[in-house]
Amino acid sequence: MTTTMKHALRSTWTWLAEPTLMRRSVASVLVAFVVVWAVLLGYNFVNYKHTITRDPGLLKYGDAVLDSLVSVTDPAHAATAVAATDHWTNIRRRQIGLLPGVQMHELLDAASGQRMFASPGLQNVAVPPATPRAEPFIEEAALQGRSFRIYTGRNARWVLRVFETKRTDSNFLQYNGRALLPYLLLASPFVLLAVWLSVRHGLRPLQQLASRIAQRGQDDLQSVGFNARHRELKPLEQSLDHLFAQLRQKVDRERAFVQDAAHEIRTPLAVITAQAHVMARSPSEEERTQAQAHLEQAIARTSHLAQQLLDLAALDDAQRPAPRDLDVAQWLRGALAQAAPQAIARQIELSLDAPDTLPARLDQPAFESIAHNLIDNALRYTPHGGNVAVALRREGAALQLSVQDDGPGIPASEHQRVFERFYRGAGHAASGSGLGLAIVRQAVLRMGGQVQIGLGVNGKGVGFFVSIPLPPSA
């Protein structure tokens, strides 16, 4: 087999193996045909069983033959009539081909019980004795390993018995199953053609929508503008428009973020450049010392900003770390111990209200970002001699963390904007990047919680109240 032929076979197999809506629809129709065939066969079988239970056909046939013998008194004539009926009936059974086996007849003299006629199949067979009743009846018996349904009826002169081979359920199902197939096969091309045309026509608007999206530029995030007329396509168009709107907002936020980050980094870098120049050129020891202090401050600010940018990037990452077991109370005491030198330097009273131990299973990096930034934000904006109160508790299935201070506070008009990136309110002298509260909000959202702004210590300043849901096992 040549390489070209192998490639052609592989391509054909790939095309055949690829799922398509058209093929799925056709397969569904074929399955529906099988279901219809099974339902019709079952319906016929139920009717057949009901008919066999009442058996009006055999009963009516036997009554009719017996009634035709009422006026016949001569045994020879009666035997001839039954023989003719036997012969004609079996010819018709073979022509129709609906019922299995043969139908056999037996005619007895009512007075003596002597057999006047018997079908060839009954002449050398031991048949059960006839026990006529006042009314015709049907019974079942086995003759030479086969089951028969036997009609027995009598009049003043004759006793008639009709032996009919009992049709098995499997025989009925096989015959009717084959009988139904031609009708389904005849109808299937027309139904499949209609389904194919319907699916092809129905998919055309979807293909047009896909073509319009494929022709868009890589930076085109505007609405699709397809104006779908079909009810089924409207949710898809609306979802695409919503997705493009979200992407536009994300791109705008990232563009603004990059610009703001560049601006924020440029300021301390300019300070670093200027102070490095002073240190290198100034002959005054005092100026060089001051320049070194300013340089270290600018480097610290740049390092803090870079760390906050890294924290935001980590929180925006879709890959979240697995939750870990953590004693939140013990960890928070360690975080406050690290912040204690800064509080002592500014004579700020830093307090903690928390249980001795509080185990929880949570996203530890996100929780650390929340606590560190709220504590740092409170210490940064609380004036000398102020108070910062941190509280931790568990209420039901949620972890509650609050950080309050008695500083200048935040006006109500700025409560929503303080969570924006690089936003810094007016009216205070504290330096900062404006990223701390943005990191807090992003971390809280990643943990599925919420953060609210309220009053600070003793009704002064500002307080941030964080609620984080915990898994049931925590």
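1. Before you start, one definition: two strands pair if DSSP finds at least two bridges between them. Helices (H or I, at least four residues) and strands (E, at least two) are DSSP runs, numbered from the N terminus.

2. A word on what you are looking at. This is a predicted model, where local features need pLDDT of at least 70 and side-chain atom pairs count only at pLDDT 80 or more, while totals for chains, interfaces and linings use all residues. Residues are numbered from 1 along each chain as its sequence is written, and side-chain values use heavy atoms, with hydrogens and water left out.

3. The overall tally: the chain has ten helices and twelve strands. Of its 474 residues, 34% count as buried (under 20% relative accessible area, with exposed over 50% and partly exposed in between, using a 1.4 Å probe and protein chains only).

4. Start with the sheet ordered 2-1-5-4-3, an open one of five strands with antiparallel pairing. Strand 2 (115–118) and strand 3 (137–143) stand at its edges with a single partner strand each, so one side of each has no neighbour in the sheet. From one strand to the next, the twist averages 20° (axes are lines fitted to C-alpha atoms, for helices over the stretch in contact, and angles run from 0 to 180 degrees between N-to-C directions).

5. Strand 1 (residues 103–109) and strand 2 run antiparallel and are joined by three bridges. L108 has R115 in strand 2 as its bridge partner. Helix 4 (residues 75–96) lies across strand 1, strand 2 and strand 5 (158–165), at about 170° to strand 1; contact here means heavy atoms within 4.5 Å.

6. Is E164 buried or exposed? This residue sits in strand 5, and E164 counts as buried because its relative accessibility is 13%. Its side chain makes a polar contact with the side chain of Q103 (3.1 Å); a polar contact is a pair of N or O atoms within 3.5 Å, and within protein one must be able to donate a hydrogen and the other to accept it, with residues adjacent in sequence counting only if both atoms are side-chain atoms.

7. There is another open sheet of five strands, ordered 7-9-10-12-11, and its pairing is mixed. Strand 7 (349–353) and strand 11 (450–454) are the edge strands, each pairing on one side only. Here the twist averages 15° from one strand to the next.

8. Five bridges connect strand 11 with strand 12 (residues 463–469), and the two run antiparallel. G454 is opposite G463 in strand 12. Helix 8 (residues 328–345) lies across strand 7, strand 9 (387–395) and strand 10 (398–405), running at about 175° to strand 7.
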